[in-house]
Amino acid sequence: MNDPTDRSGAPGPSSSAEAVAHEVARRPGNSRLLAMLVAAEHGILYLVSFALLALGVGILALMTLTIVQGGASGAEKIIIILEELLLVLIVLEIFVTVQTHLGGGRLQLEPFIIVGIIAIIRHILSVVVRLTIPVNPAESRQQLTELAIYAGSAFILVAALALARWSRRRSTLSAVGRDDSSASE
């Protein structure tokens with residue numbers, strides 16, 4: 001959507017918040033303040049990026065240390081490795097989202113849904129591990145209920161991911177169709 005008062009042909013704001021920011025930036029004296037705020041935002045995002053990378057490396061180092069030093073059985077080690085690698089995937093998905101935003105891209109919904117799905121899978125794994133330990137029937141029933149809730153949550157998030165991707169594909173196709181029809185006129 002283009003700003004009707006802008007005759008340059010440059011794309012205008014696509015939301016009301018962006019419209020307000022666009023209007024504020026056009027006022028005399030605000031461009032310097034806006035540039036400082038954008039620079040501060042980028043500085044913070046770079047710090048967050050480095051922190052996320054350090055966190056990912058730290059998780060891998062602690063996982064390795066736990067596996068090497070721990071007296072866990074082979075199955076327990078595999079579960080620990082799987083859970084920690086899924087945690088690293090969560091951190092990296094957030095890192096990629098921050099990098100996309102730093103590169104000028106817009107924040108997308110899909111990475112956050114994916115992070116949620118991975119987090120739920122981690123919880124499901126921990127419940128499954130706890131189910132292998134014999135407990136009384138009340139605790140077992142609670143763990144099965146927890147597992148059902150996590151499975152339902154995962155299903156809802158996968159459906160949301162499918163809907164987000166379908167919606168994005170549909171809007172892309174309709175935008176291409178509009179461009180084709182305006183070009184043929």
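Predicted model: local features only at pLDDT ≥ 70, side-chain atom pairs only at ≥ 80, totals over all residues.
**Exercise 1. Work out how helix α2 is oriented relative to α3.**

Solution. Two packed helices are described by the angle between their axes and the distance between the axes. Helix α2 covers residues 30-69, and its axis lies 10 Å from that of α3, at an angle of about 170 degrees. Angles over 145 degrees count as roughly antiparallel, and α2 and α3 are therefore roughly antiparallel to each other. Sorted by class, their contact has 20 nonpolar, 6 polar and 3 charged residues.

**Exercise 2. Describe how α3 and α4 meet, giving the orientation, the handedness and the residue classes of the contact.**

Solution. Take the geometry to start with: the axes of α3 (residues 74-102) and α4 (residues 110-131) come within 9 Å and cross at roughly 170 degrees. The two helices are therefore roughly antiparallel to each other, and α3 passes α4 in a left-handed crossing. Then turn to the residues: on the α3 side they include Ile79, Leu82, Leu86 and Ile90, and on the α4 side they include Phe112, Ile114, Ile118 and Leu125. By class, this contact has 16 nonpolar, 2 polar and 4 charged residues.

**Exercise 3. Check the length of α4 against its number of residues, and list its buried residues.**

Solution. With 22 residues at 1.5 Å a residue, α4 should span 32 Å, and its end C-alpha atoms are 31 Å apart, which agrees. The buried residues of α4 are Glu110, Pro111, Ile113, Val115, Gly116, Ile117, Ile118, Ile120, Leu125 and Val127.

**Exercise 4. State how many helices and strands the protein chain has, and what share of its residues is buried.**

Solution. Counting the elements gives 5 helices and 0 strands, and along the sequence they follow the pattern α-α-α-α-α. Of the 185 residues in the protein chain, buried residues make up 19%. Among contacts with a separation of 6 or more, 59% are accounted for by residues 24 or more positions apart.

Note on methods: Residues numbered from 1 in each chain as written. Heavy atoms only, no water. Axes fitted to C-alpha atoms, helices over the stretch in contact; angles between N-to-C directions. Helix = DSSP H or I, 4+ residues; strand = E, 2+ residues; numbered from the N terminus. Parallel < 35°, antiparallel > 145°, perpendicular 65-115°, else oblique. Left-handed = near helix turned anticlockwise from the far one by under 90°. Contact = heavy atoms within 4.5 Å. Nonpolar A, V, L, I, M, F, W, Y, C, P; charged D, E, K, R; others polar. Expected span 1.5 Å × (residues − 1). Buried < 20%, exposed > 50% of the residue type's maximum accessible area, 1.4 Å probe, protein only.
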